[in-house]
Amino acid sequence: MLAEVNSLVDADNGLISTRIFAEPEIYQEELEQIFARCWLFLCHETQIPQPGDFMTTYMGEDPVLVARDRSGNINAFLNICRHRGNRLCRAESGNAAAFICAYHGWAYGNDGGLQAVPNLQDAYYSELDTNKWGLIPVAQLDSYKGLIFATFDASAPPLLDYLGDVTWYLDFFFDRREGGVEVVGGMHKWILPANWKMPSENFCGDGYHTAWSHLSATTTGFGGEFRSKPSGEGKVISTGNGHCIVALGAEDQTDPSVPVILAYEAEIKQEVEKRLGDRINLVKPHAGTIFPNFSILRSIARTFRVWQPRGPGHTEIQAGVFVDKAAPPEVKEAFRIQAIRGFGPSGGFEQDDMDNWQGCSESGRGFISKRQRLNIAMGKGHESYDEKLSGWASDYRISENNHRNYYRRWGQMMSAANWSEL
Amino acid sequence: MRDETIREIEQFLYREARLLDDRKFHEWLELLTDDIRYWMPVRSNRYPVISKAISILDGSRYEEDELSKEGELAIMDEDKDSLTRRVQRLDTGMAWAEDPPSRTRHFVSNVQLEPGANDSELNVYSNFIMYRTRAETEVDFYVGCREDVLRKVGGQWKVAYRKIVLDQTVLLAKNVSNFF
């Protein structure tokens with residue numbers, strides 16, 4: 001794949017091929033090289049707080065069951081019965097001691113163990129070793145500040161190494177106050193007719209589109225005032241391993257302009273500074289993507305989303321809303337309302353993104369279009385490593401520095417035979 | 001419920017649907033009370049308590065209701081002000097989800113009336129199909145039901161509360177950029 005990847009992504013010169021958004025062969029390679037190897041976001045721990053709580057999700061196109069066992073440990077398994085491969089749990093969430101396959105009745109505990117097999121004595125002559133036929137677990141599972149990640153690759157580096165220097169930025173979203181955040185009940189799930197990398201790259205570094213794409217939403221009051229009165233400061237920051245953060249100036253107002261929210265933010269500012277350190281006086285992170293497909297946002301809406309790949313031309317979006325656990329109820333409610341009106345399927349901001357991402361993805365299907373290189377060269381050469389920010393940071397607030405680093409990592413993952421090559 | 005009241009309410013709902021399909025959104029807003037609550041909860045795929053596909057560990061916290069609750073996530077959770085801003089956004093010429101505009105057709109059926117909380121209100125139940133086509137080949141079906149409270153204000157019926165329940169859990173449409 002290496003030779004071909006070089007023709008698809010030329011990060012140094014800011015050029016990428018439209019083929020990476022459209023071709024089935026490239027998509028199949030992604031499932032193996034990226035989704036079967038990277039750490040992928042599963043859920044937040046507050047979504048399954050008690051023993052027995054479970055939810056189902058995906059890692060790439062592989063269905064996954066995430067469950068808290070009787071001792072409170074969180075496990076994740078392929079959501080597939082070991083017998084004939086039927087989907088084991090068909091519910092999105094719930095609470096269970098055991099999961100029973102609807103086909104022949106094989107039963108698994110919430111720790112993944114195979115507990116019961118109908119006709120084990122007579123039809124199987126007790127010759128089936130149930131210890132060997134438990135659910136297939138992920139290779140590694142770990143969490144960071146309540147965010148649960150897993151990988152199917154036993155040789156992948158530990159989660160903390162994988163995240164690297166993006167952890168401080170995750171803290172800025174998920175650990176500003178004691179207790180961290182909690183996820184509001186329910187998820188937005190919908191199908192985007194675009195390649196999964198389009199939204200991933202958008203959240204990773206596209207501060208460029210907001211002024212034009214979302215002008216209708218800002219002028220009619222769907223977001224904060226920061227779009228109309230930016231300080232001009234801000235950076236896009238690549239902390240390594242493909243993880244990317246978009247930040248505005250430290251004094252820029254990125255929160256929804258709702259009095260109860262602004263008052264809350266002013267009230268906790270010193271507490272946050274004490275917890276997160278001086279860096280919050282340099283930049284105000286407000287969006288980002290953890291490679292490959294977990295994106296976060298905290299301006300307008302406090303939301304996270306996983307861009308689940310569904311073939312080269314489709315993505316299932318799974319999105320949730322988070323709030324500081326320590327925030328008072330009226331503040332949580334204000335954030336909930338802002339998130340619903342700004343983001344999600346009906347969001348005044350997000351509904352418009354879908355159309356653009358669809359258009360970008362579909363163009364790669366034409367024979368002539370497929371020959372074209374797309375341009376992610378904005379600000380090339382106008383970035384440098386910033387020790388204070390622990391990442392490659394753009395000189396200007398709008399730059400495609402992050403796009404280049406995201407796709408550079410994509411190319412590395414697609415061509416590397418193993419983690420030691422990365 | 002008197003036949004003429006039923007007819008009156010049906011005609012109100014049909015007129016409302018026609019305004020939406022004709023994209024006369026400002027006129028549609030006039031059919032809503034100033035204190036309207038317009039709510040579309042999210043729906044998720046769940047096993048009922050009786051399901052034998054799971055053995056429930058903690059029955060006290062098991063929730064089989066597929067709909068999100070008050071205070072949880074929703075697809076829309078609107079008041080008159082936010083609905084007005086949604087309409088104003090469509091007037092900017094830059095609301096890309098509706099530019100070019102959707103072509104919608106609302107079908108309203110199964111209308112049932114019940115007495116409301118007071119003499120000026122009625123509880124109205126209905127089913128709907130909203131067919132949307134857009135651009136070259138885009139097609140979406142939004143199918144569900146509504147629970148309305150209609151209130152007579154100054155001799156005219158208005159929508160004071162609307163709960164909209166879509167039947168899909170994972171929405172197959174790329175967005176929800178129209179009204180129901």
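**Figure 1. Asp62(A) in E5(A) is the bridge partner of Met59(A).** The view is taken from a predicted model. Strand E4 of chain A covers residues 53-59 and pairs with E5(A) in the antiparallel sense. Six bridges hold this pairing in the strand assignment. Two residues lie between the strands of the hairpin that E4(A) and E5(A) make. In that hairpin, Gly60(A) adopts a positive phi near 65°.

**Figure 2. Strand E5 of chain A, residues 62-68, is mostly covered.** Of the seven residues in this strand, six are buried, that is, under 20% relative accessible area. In a regular strand, side chains alternate between the two faces of the sheet. E5(A) pairs with E4(A), and bridges also join E5(A) to strand E6 of chain A.

**Figure 3. E5(A) and E6(A) form a hairpin with five residues between them.** Strand E6 of chain A comprises residues 74-78 and runs antiparallel to E5(A). The two strands are joined by five bridges. Within this pairing, Ala76(A) in E6(A) stands opposite Val66(A). The turn of the hairpin contains Gly72(A), whose phi is positive at about 95°.

**Figure 4. Phe291(A) and Pro292(A) are joined by a cis peptide bond.** The omega angle of this bond is about 5°.

**Figure 5. In chain B, a cis peptide bond leads from Asp99(B) to Pro100(B).** Omega is near 5° for this bond. The loop that holds Pro100(B) lies between helix H3, residues 80-90, and strand E4, residues 103-115, of chain B.

**Figure 6. Arg23(B) has a positive phi although it is not a glycine.** The value is about 60°. Arg23(B) sits in the loop between helix H1, residues 3-21, and helix H2, residues 25-29, of chain B. The relative accessible area of Arg23(B) is 28%, so the residue is classed as partly exposed. This class lies between the buried limit, under 20%, and the exposed limit, over 50%.

**Figure 7. Ala135(B) is not a glycine, yet its phi is positive.** Here phi is about 55°. The residue is located in the loop between strand E5, residues 121-134, and strand E6, residues 138-153, of chain B. Ala135(B) counts as partly exposed because its relative accessibility is 35%.

Figure 8. Among contacts in chain A with a separation of 6 or more, 66% are between residues 24 or more positions apart. The accessible surface of the chain is about 15,600 Å², and carbon and sulfur atoms contribute 49% of that area. Chain A carries 40 positive and 53 negative side chains. The centres of these two sets lie 2 Å apart.

How values were computed
Residues are numbered from 1 along each chain as its sequence is written. Chains are lettered from A and ligands numbered from 1 in the order in which they are written. This is a predicted model: local features need pLDDT of at least 70, side-chain atom pairs count only at pLDDT 80 or more; totals for chains, interfaces and linings use all residues. Side-chain values use heavy atoms; hydrogens and water are left out. Contact means heavy atoms within 4.5 Å. Accessible areas come from the Shrake-Rupley method with a 1.4 Å probe; for residues, only the protein chains shown count as cover. Lys and Arg count as positive and Asp and Glu as negative; His and the chain ends are not counted. The place of a charge is taken as NZ of Lys, CZ of Arg, CG of Asp or CD of Glu. Buried means under 20% relative accessible area, exposed over 50%, partly exposed in between (1.4 Å probe, protein chains only). Helices (H or I, at least four residues) and strands (E, at least two) are DSSP runs, numbered from the N terminus. Two strands pair if DSSP finds at least two bridges between them.
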